[in-house]
Amino acid sequence: MLTRPSRLPLRLAVLAALLGLAACHGGQENGAEKEGAASSQTVTVTTARTEALDRTVTASGVISAWEEVPVGAETGGLTAVAVLADEGQYVRQGQPLVRMNDTLLRAQVAQQQASVEAAEANADRETGELSRARELNGRGFLSQASLDLAVSEERSAQAQLTSARAALAETRERLDQTVIRAPVSGLIISRSVTRGQIVAAGAELFRMVRDGRLELDAQIPETELNLVRAGQSATVGSDQVGQAAGRVRIVTPEVDAETRLGVARIALAAPGAFRPGMFGRAEIAVGAQPAVVVPTASVLFRENRAGVYVLGAENRVRFQPVRVLARSEAETSVDGVAEGARVVVEGAGFLGEGDTVRVVQPTAAPARAAPAPAAKTAG
């Protein structure tokens, strides 16, 4: 009896062939996916370089008086009978500001003037007595004791005359102080005296801005404070009153330990409508300073931070935050990127952290970014 040949080996061979074809097909698909994942964005790259550029330091602060002068009363206890100046008024040095009641002091002056005249008469009499006593003593008709007494009387009379004159001078000075005058020329910014007020000695009646000069107390970060020097020109501006030319008068030697800010006092050439206490901004021209320069097109903003994409190893990019120092249409000077760093220019706007890029030579016109590979978007 003939035995039927087994079909199992044939079936196994067919199955092995089908599995091999499937494996080859799957390997081709995986290779395609890897090839798609390896594709990269086309970009152009430039090298950050250092140049000496005109630099402007921007700062803000409060408008204040160049020198505030308080005006007070030297003589106290008198009533103000006239107030001759008010806030916002510009006055000249020596101009009367307040008149106080001087009736009592005038009476004292008259009384002391009479005392001086009496002392003068008494001193003249004693001087004559001393002269006669010396003459008689020389002839031997007057004792030495009597001469010494005449000398003493004459000295006493002269001392009384000196005292009377000093008292009169003091009262006259107090009488002159009943008229309070401007100690300097300037703008009155505050008044605290009214007519009928009893003025106390030493009380502040007015506050003045000497010569009407104002300045901006500009607060500058410590990183830029060493760039600012006395004498540098500046422009001070405000949204309310416009702009005014200024010049750095002094840079204070101290930096606030908490805020890390220093102060540069910028004197305004013409205060105009600026007033003490107003907020102002300043742009200080600090001259040419070395700075790292990159193309303006390479500077991007990510999460409200300025930065550039720097090309690293294996053509991978990383986002490097920077601080913009000065900006023009073509170039921007920045802080935060080292000289010689390779910075992405064209195509930077389409990049993400860690992306791999393909560097090409820059063209005359910005190259359009290549579409993202299909493998990256495949579900």
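The structure holds one aromatic pair. The model described here is a predicted one. Its chain has 379 residues, of which 33% count as buried.

**The aromatic pair**

- Tyr-309 belongs to strand S18, which covers residues 305-311, while Phe-319 belongs to strand S19, which covers residues 317-321.
- The two partners are 10 residues apart, and the pair links distant parts of the chain.
- Tyr-309 has a relative accessibility of 3% and therefore counts as buried.
- Phe-319 is also buried, with a relative accessible area of 12%.
- Both assignments rest on the cut-off for buried residues, which is under 20% relative accessible area.

**The chain as a whole**

- The secondary structure comprises five helices and 23 strands.
- Among contacts between residues at least 6 apart in sequence, 73% join residues at least 24 apart.

**Thr-178, a residue in a loop**

- Thr-178 is found in the loop between H3 and S8.
- Is Thr-178 buried or exposed? Thr-178 counts as buried, because its relative accessibility is 1%.
- The side chain of Thr-178 reaches the backbone oxygen of Leu-175 at a distance of 2.5 Å.
- Leaving aside residues up to four places away in sequence, Thr-178 touches Leu-78, Val-98, Arg-99, Met-100, Asn-101, Asp-102 and Leu-105.

**The second largest pocket**

- The second largest pocket has a volume of about 200 Å³.
- Which elements give two or more residues to the lining of this pocket? They are strand S4 (68-72), helix H3 (144-176) and strand S8 (179-181).
- The lining includes Pro-70, Val-71, Gly-72, Ala-73 and Glu-74.
- Also among the lining residues are Glu-173, Asp-176, Gln-177, Val-179, Ile-180, Arg-181 and Pro-183.
- By class, the lining contains six nonpolar, two polar and four charged residues.
- Helix H3 and strand S8 both contribute to this lining, and the loop between H3 and S8 is where Thr-178 lies.

Methods. Residues numbered from 1 in each chain as written. Predicted model: local features only at pLDDT ≥ 70, side-chain atom pairs only at ≥ 80, totals over all residues. Heavy atoms only, no water. 1 Å grid on protein atoms, 1.4 Å probe; cavity = no way out; pocket = protein on both sides within 12 Å on 5 of 7 lines; lining within 4 Å. Points joined across faces, edges and corners; volume = space filled by probe spheres on them. Helix = DSSP H or I, 4+ residues; strand = E, 2+ residues; numbered from the N terminus. Nonpolar A, V, L, I, M, F, W, Y, C, P; charged D, E, K, R; others polar. Buried < 20%, exposed > 50% of the residue type's maximum accessible area, 1.4 Å probe, protein only. Polar contact = N/O pair within 3.5 Å; in protein donor to acceptor, adjacent residues only side chain to side chain. Contact = heavy atoms within 4.5 Å. Phe/Tyr/Trp six-rings, centres within 6.5 Å; stacked < 30°, edge-to-face > 60°.
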